[in-house]
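Thanks, everyone. Let me put the sequence and the model on the screen, and then we'll walk through them.

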Amino acid sequence: MILKKLTLSCFYLVFIFATANAYSQEETAKQVVDKFQSELISVMKNGKQLGYTGRYNSLRDPVSNSHDLSKIARIIVGKEWEKLSGEQQKKLEDVIIKLSIASYAHNFKDYSGESFSFDSEEETTRGGVVIHSHLNIPEDKPVKFDYMLKENGTSWRIINIIANGVSDLALKRSEYTSILQRDGFDALISKIDEKIDNYSKL
Amino acid sequence: MKKTHTILLAVLLTQSLFLSGCATTNESDQKPTATDDPYENFNRKMFSFNDKVDDYVAKPISDTYKKVTPQPVQTGVFNFFNNLKNINVIINDALQAKFSQSAKDSGRLAINSSLGLLGLFDVAQHVGLEQNEEDFDQTLAVWGIPQGSYLVLPLLGPSTLRGIPGAAFDTAANPSTYIGMPIQVISLLNTRASAEGSLQFINEAALDPYVFTRESYLQWRNNLAADGKAKATYDVDDLDTEPADAQKDPTPSPTPTVVSANSNNETHHHSLTLEPEVTSSSNTSQPISGKIIQHKKGSKKKRKPLLNPKN
């Protein structure tokens, strides 16, 4: 009886250790991108049934868990970030998170055989990683997708996506700093809110 | 394939040279902001003008064309003009000393002009001869001519100072220029119809359509000129906003704007401070720098059908 209890205890200990070890193991940059891409394709496959709201809800966690949206929010307003109040910074982060998810939910709305393929992984000199991949589109040319990731604490997070040489972050930074300098913070938030709203209606 | 077009701005912008338009805001009311766009005042006015011409003239005609023309005919028209463009591509291949590519593009032109019935069918892609994008602006870049400032041309849309002689050469080297008025009108219709997806994407995604168009156009042209090996904005130096990161790296870039150079020693101003050591390459087997950790080839390109709807 005692032997049986000991065996069971050992079994549980091993199980707990293995589980804890699995959870403590950090996902590699490639795994983060792979997981996000497969979740995106999965949502696309059910895109029509889910509708915009369903896609938005389904993509909220995959986008939030793979992208460093707080960092992206800071980067896309450049030095203007320091001029914003804490409340404004929080507001900007919130709308960027919503915009990113809404943009995915709008643009990846259905599926016609698309798939992602991994090409290579490259370390940057400042400790980042670039995952080179491409999106295969039936009856069309494949599109290069390069994901720039940085470590956030113990996990890798996407901070930029470059599609066929066009950087999403650079594009947004030019736009957002331009609007901030010209029209101010409230106008920027208002324009972003308008885009989020439009995505839900289109 | 509407979704495809909305996803892939970079691809779509290749077709948006006719008009830069479809702005949702009144551009003429907006003041200039960018420091590396010296003609922004003029450009915004032209952008607004083109937008209005597009709204009131080009788009209605293009929509009618798309409505009354069966998709196979639209695809045939697209293929026909695309095939004529290959003469210019072959010339520019040679001018850039890409002789192997020039031979392939010549084969593509010969196959499509004969088996493809004067280019109406893109047969060549089924034997692995994909369309290449070469023009005289890229040739000038390869020859080391600086890109110059961004310009929005009346009716023609986004360009640069170097793009003007480039466009003049390309027009002269395109047989459709000499065919006559009806063909030229169809060519314009085809160009505008093909640009619909990208213009719609800009409309949906851009907060400031002028800046969005300018930045994506310049990045796309830079990437084309460097054959996909352009410096990319991989690593953004946001150290000035993150003290913790700044402590990790003792040599942060001093300014928010740097000049990067592509493989042709051509300089480009970016609004981002970039990590200068890291570059990208569309050909992952030949990294310019950075450490390639793994390399696996992706799935093979899929064949396009003979009649390929482009929009």
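What percentage of the 311 residues in chain B do the buried residues make up? They make up 47%. Buried here means 20 or more other C-beta atoms within 10 Å of a residue's own; exposed means 12 or fewer, partly exposed is in between, and C-beta atoms are placed from the backbone.

Two ground rules. This is a predicted model; local features need pLDDT of at least 70, side-chain atom pairs count only at pLDDT 80 or more, and totals for chains, interfaces and linings use all residues. Residues are numbered from 1 along each chain as its sequence is written, while chains are lettered from A and ligands numbered from 1 in the order in which they are written.

Next, elements. Chain B has 12 helices and five strands. These are DSSP runs numbered from the N terminus: helices are H or I, at least four residues, and strands are E, at least two.

Take helix H7 of chain B, residues 163-172. Its buried residues are Gly163(B), Gly166(B) and Asp170(B). Down the axis of H7(B), they fall within an arc of 55 degrees, so they line one face of the helix. That arc is taken from the directions from the helix axis to the C-beta atoms. The face turned away carries exposed Ala168(B), Thr171(B) and Ala172(B). What covers the buried residues of H7(B)? The cover includes helix H4 (71-95), helix H6 (136-142) and strand S2 (157-160) of chain B.

Last, contacts: C-beta atoms, placed from the backbone, within 7 Å. In chain B, of the contacts with a separation of 6 or more, 68% come from residues 24 or more positions apart.

Technical notes. Contact = placed C-beta atoms within 7 Å.
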